[in-house]
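Here's a quick tour of one model, with a pocket and a pair of helices as the stops. Have the structure open while you read.

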Amino acid sequence: PEYAAQLLENVRRYVDDDLTRLSAEPVTALLGGSPANYADPLEQVMWLTSVGSPGDVYETVRSLREARGQRLGALQRKLPAAHFGLLAVLGVLVLAIFPLLAAATGAAVAPEDGLLRVQAVLFGLMTFAIAVTLAVLYAFWMPAGSAYNVDAVLEVMIDGLRAEIDERERAVDDAFAGRGDDA
């Protein structure tokens, strides 16, 4: 009973602590946070199931570790924050210079020509494009909490895994409770 309980507890730790760790830095998450008080739950499962020749559990844990590495690699931010600062500075410069150029050309052209209306529309389109570009790039940059991530799907998956772990823990408890009655 102790072996099965430890195995399920480590699987639960993997689901609760590892799969839900979207906001942590990937390298820190891959290394398990602070090494003083952290034991990798997948390593514990491998240790608990390592008696004899490696079997299906070992292969499953190995594939989970590979999937963890791929997931953490996908969560790693690809753009440094400095790129967003440079893009914001570029946007401010463009938006500040455009009205000055429009005012200079507006003084040289007759108002009835309609050039200022065209420039006003172009200024609005440019402002919109810069704002949308910054917003979309920032949403891509965020590993969690934006429109382009896996938060909702991951939450459904984790709820299902937690329910399955609870069911298996009840089955283990029931199986060992039945053995105690027979003895």
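Start with the lining of the largest pocket: 18 residues make it up, and Val-11, Thr-60, Leu-64, Ile-165 and Arg-168 are the ones nearest the centre. Keep in mind that this is a predicted model. The space inside the largest pocket comes to about 470 Å³.

Which helices each supply at least two residues of that lining? They are helix 1 (2–19), helix 3 (41–48), helix 4 (56–75) and helix 7 (151–182). Helix 1 gives the largest share, with six residues.

Now over to helix 5 and helix 6. Helix 5 covers residues 81–108 and helix 6 covers residues 115–141; their axes come within 10 Å and cross at roughly 175 degrees. An angle over 145 degrees counts as roughly antiparallel, and helix 5 and helix 6 are therefore roughly antiparallel to each other. Sort the residues of this contact between helix 5 and helix 6 by type and you get 19 nonpolar, six polar and no charged.

Next, the aromatics. How many aromatic pairs does the structure hold? There are two. A pair of aromatic rings is described by the distance of the centres and the angle of the planes, so here are those values side by side.

| Pair | Centre distance | Plane angle | Type |
|---|---|---|---|
| Phe-84 and Tyr-138 | 6.1 Å | 85 degrees | edge-to-face |
| Phe-98 and Phe-123 | 5.6 Å | 25 degrees | stacked |

Why is the pair of Phe-84 and Tyr-138 called edge-to-face? Planes over 60 degrees apart get that label, and the planes of Phe-84 and Tyr-138 are at 85 degrees, so the pair is edge-to-face. Phe-84 sits in helix 5 and Tyr-138 in helix 6, so this pair ties together parts that are 54 residues apart in sequence. Is Phe-84 buried or exposed? Phe-84 counts as buried, at 11% relative accessibility, while Tyr-138 counts as partly exposed at 42%.

With Phe-98 and Phe-123, the planes are at 25 degrees, so the pair is stacked; the cut-off for that label is under 30 degrees. This pair, too, links distant parts of the chain: Phe-98 is in helix 5 and Phe-123 in helix 6, 25 residues apart. Phe-98 has a relative accessible area of 18%, so it is buried, since buried means under 20%. Phe-123, at 28% relative accessibility, counts as partly exposed.

Methods. Residues are numbered from 1 along each chain as its sequence is written. This is a predicted model: local features need pLDDT of at least 70, side-chain atom pairs count only at pLDDT 80 or more; totals for chains, interfaces and linings use all residues. Side-chain values use heavy atoms; hydrogens and water are left out. Axes are lines fitted to C-alpha atoms, for helices over the stretch in contact, and angles run from 0 to 180 degrees between N-to-C directions. Helices (H or I, at least four residues) and strands (E, at least two) are DSSP runs, numbered from the N terminus. Angles under 35 degrees count as roughly parallel, over 145 as roughly antiparallel, 65 to 115 as roughly perpendicular and the rest as oblique. Ala, Val, Leu, Ile, Met, Phe, Trp, Tyr, Cys and Pro count as nonpolar, Asp, Glu, Lys and Arg as charged, and the others, Gly among them, as polar. On a 1 Å grid over the protein atoms alone, a cavity is a set of points where a 1.4 Å probe fits but cannot get out, and a pocket is an open set with protein on both sides within 12 Å along at least five of seven lines; lining residues have an atom within 4 Å of a point. Grid points are joined across faces, edges and corners, and a volume is the space filled by probe spheres set on the points. Rings of Phe, Tyr and Trp (its six-membered ring) pair if their centres lie within 6.5 Å; planes under 30 degrees apart count as stacked, over 60 as edge-to-face and the rest as tilted. Buried means under 20% relative accessible area, exposed over 50%, partly exposed in between (1.4 Å probe, protein chains only).
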